[in-house]
Amino acid sequence: MKKLIIFNWKMNPSAFKEAKRLFNSILYTKKAELIVAPPFVYLNALKVKTNKSKIELAAQDVFWENQGAYTGEVSPLMLRNLGVKYVIIGHSERRKYLGETDEMINKKVLAALKAGLKVVLCVGENLKTRQRGQKVVENFVRNQLAKDFKGTKNLIVAYEPIWAIGTGRACPPEDAREMIKFIKRILTTKYKLRQPKVIYGGSVDSKNIKDFVKYKEIDGALVGGASLKPKEVKKIIQLL
Ligand code: PGA
């Protein structure tokens, strides 16, 4: 199965000119499915480019209603009509800075799936939880999945331990593999998913990408910081 690589630009770059340059540095490869998650304001213009490049787009978030009086929000239907294929939901930065709860995330997941978007649901523990040991981490993630996943049948999960995001301290690949195996076990036994995809995120760059994607259980990576550096992006793609 092709690995899934999502370049999450977060709230970057600050001008479209730069976004275009960044986007152009992503060279198509047959070996993986490449997805770019730019800020909302660049989606429309980049969509025109993706038509030629075979690179898919993801939104970094979405609201749970399709239209109406919800100032500042973007709906699943809008994304779908624009030709955006994926949406990231429940990123830890949104949980932290915007107070997104599991209940909100579940509503977003359900609405996005209903609109025909492919959902990438982010889960993962913070450092305090990690320090309490593997069993506590597993319980935490199991709980998060139960709440965020409620009522759904099909989505991609990104295991993103919060302590590894943007810190330059990636999760040891062997540990990420164990957690991903655990998540897959839950998805197949409890939620009856047939071939769930679970990717890893947290300080992935050209130096460690291979250590993650070499495992058959790890279906790809969510790349944040490194996705803003064209040279890194090129190297990462070459290493797939
Ligand atoms: P990072 O971000 O690669 O900068 O750690 C990953 C993410 O937040 O998805």
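In the predicted model, Ala 58 stands opposite Tyr 86 in strand 4. Strand 4 runs parallel to strand 3, and two bridges join them. Strand 3 is also joined by two bridges to strand 2 (residues 32–37), again in a parallel arrangement, with Val 36 standing opposite Leu 57. Within strand 3 (residues 56–59), Glu 56 and Ala 58 point one way, whereas Leu 57 and Ala 59 point the other way. The residues on both sides of strand 3 are buried, Glu 56 included.

Helix 5 comprises 13 residues (102–114). The buried residues of helix 5 are Asp 102, Ile 105, Asn 106, Lys 108, Val 109, Ala 111 and Ala 112. These buried residues pack against helix 3 (76–82), strand 4 (86–89), helix 4, strand 5 (118–123) and helix 7 (134–149). Gly 116, which follows helix 5, has a positive phi, near 90 degrees.

The largest pocket has a volume of about 390 Å³. Its lining is made up of 14 residues, of which Lys 10, Met 11, Gln 60, Arg 94 and Leu 98 are the closest to the centre. Two or more lining residues are contributed by each of helix 2 (40–53) and helix 4 (92–97); helix 4 supplies the largest share, three residues. By class, the lining of the largest pocket divides into seven nonpolar, three polar and four charged residues.

How values were computed:
Residues are numbered from 1 along each chain as its sequence is written. This is a predicted model: local features need pLDDT of at least 70, side-chain atom pairs count only at pLDDT 80 or more; totals for chains, interfaces and linings use all residues. Side-chain values use heavy atoms; hydrogens and water are left out. On a 1 Å grid over the protein atoms alone, a cavity is a set of points where a 1.4 Å probe fits but cannot get out, and a pocket is an open set with protein on both sides within 12 Å along at least five of seven lines; lining residues have an atom within 4 Å of a point. Grid points are joined across faces, edges and corners, and a volume is the space filled by probe spheres set on the points. Helices (H or I, at least four residues) and strands (E, at least two) are DSSP runs, numbered from the N terminus. Ala, Val, Leu, Ile, Met, Phe, Trp, Tyr, Cys and Pro count as nonpolar, Asp, Glu, Lys and Arg as charged, and the others, Gly among them, as polar. The expected span of a helix is 1.5 Å times one less than its number of residues. Buried means under 20% relative accessible area, exposed over 50%, partly exposed in between (1.4 Å probe, protein chains only). Contact means heavy atoms within 4.5 Å. Two strands pair if DSSP finds at least two bridges between them.
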